[in-house]
Amino acid sequence: MWNAGRETSSPGTELSENQAKKEKERLIKELQLITEERNDLRDRLRFLTDRSMKYRPHFRPNPYYEDLERMEEAVMSILHNLEMENTEVHENNHKLKKEITFSR
């Protein structure tokens with residue numbers, strides 16, 4: 001008789017267990033989506049910060065690297081000037097050869 005007031009497993013507990021399982025699955029899926037989005041955003045941020053490392057306020061470039069960049073610019077400028085001068089001399093030489101051939 002004292003057991004008459006107690007209920008063994010009721011359908012209400014089974015329903016709440018099913019609801020708990022569904023809620024758990026929903027939360028797991030939501031967590032996976034949030035984690036995936038976080039990883040994508042982290043990858044984008046890494047790409048952008050790696051690309052713009054020169055423009056970071058706390059980034060101090062190597063002074064030797066800056067010197068090398070300036071030297072490279074100077075050498076490339078000299079190379080360009082020499083190529084232009086070489087082309088001009090070659091054209092002038094070709095014209096002179098034509099004149100020599102014509103005058104003979």
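**Salt bridges along the helices**

A: The protein chain exposes about 10,900 Å², of which carbon and sulfur atoms supply 57%; accessible areas come from the Shrake-Rupley method with a 1.4 Å probe, and for residues only the protein chains shown count as cover. This is a predicted model, in which local features need pLDDT of at least 70 and side-chain atom pairs count only at pLDDT 80 or more, while totals for chains, interfaces and linings use all residues. Residues are numbered from 1 along each chain as its sequence is written, and side-chain values use heavy atoms, with hydrogens and water left out.

The secondary structure of the protein chain consists of two helices and zero strands. Helices (H or I, at least four residues) and strands (E, at least two) are DSSP runs, numbered from the N terminus. Of the 104 residues in the chain, 0% count as buried; buried means under 20% relative accessible area, exposed over 50%, and partly exposed in between (1.4 Å probe, protein chains only).

The structure holds five salt bridges, each defined as a side-chain nitrogen of Lys or Arg within 4 Å of a carboxyl oxygen of Asp or Glu.

One of them joins the side chains of Glu23 and Arg26, at 2.6 Å from N to O. Because Glu23 and Arg26 are three residues apart in helix α1 (residues 11-51), about one helical turn separates them. Glu23 is partly exposed, with a relative accessible area of 37%, and Arg26 is partly exposed as well, at 43%. This pair also belongs to a network of salt bridges that links Glu23, Arg26 and Glu30.

Helix α1 also contains Asp43 and Arg46, again three residues apart, or about one turn of the helix. Their side chains meet in a salt bridge with an N to O distance of 3.5 Å. Asp43 counts as partly exposed at 43% relative accessibility, and Arg46 counts as partly exposed at 45%.

In helix α2 (residues 63-103), Arg70 and Glu66 are four residues apart, so about one helical turn lies between them. The salt bridge between their side chains has an N to O distance of 3.9 Å. Glu66 is partly exposed, at 31% relative accessibility.
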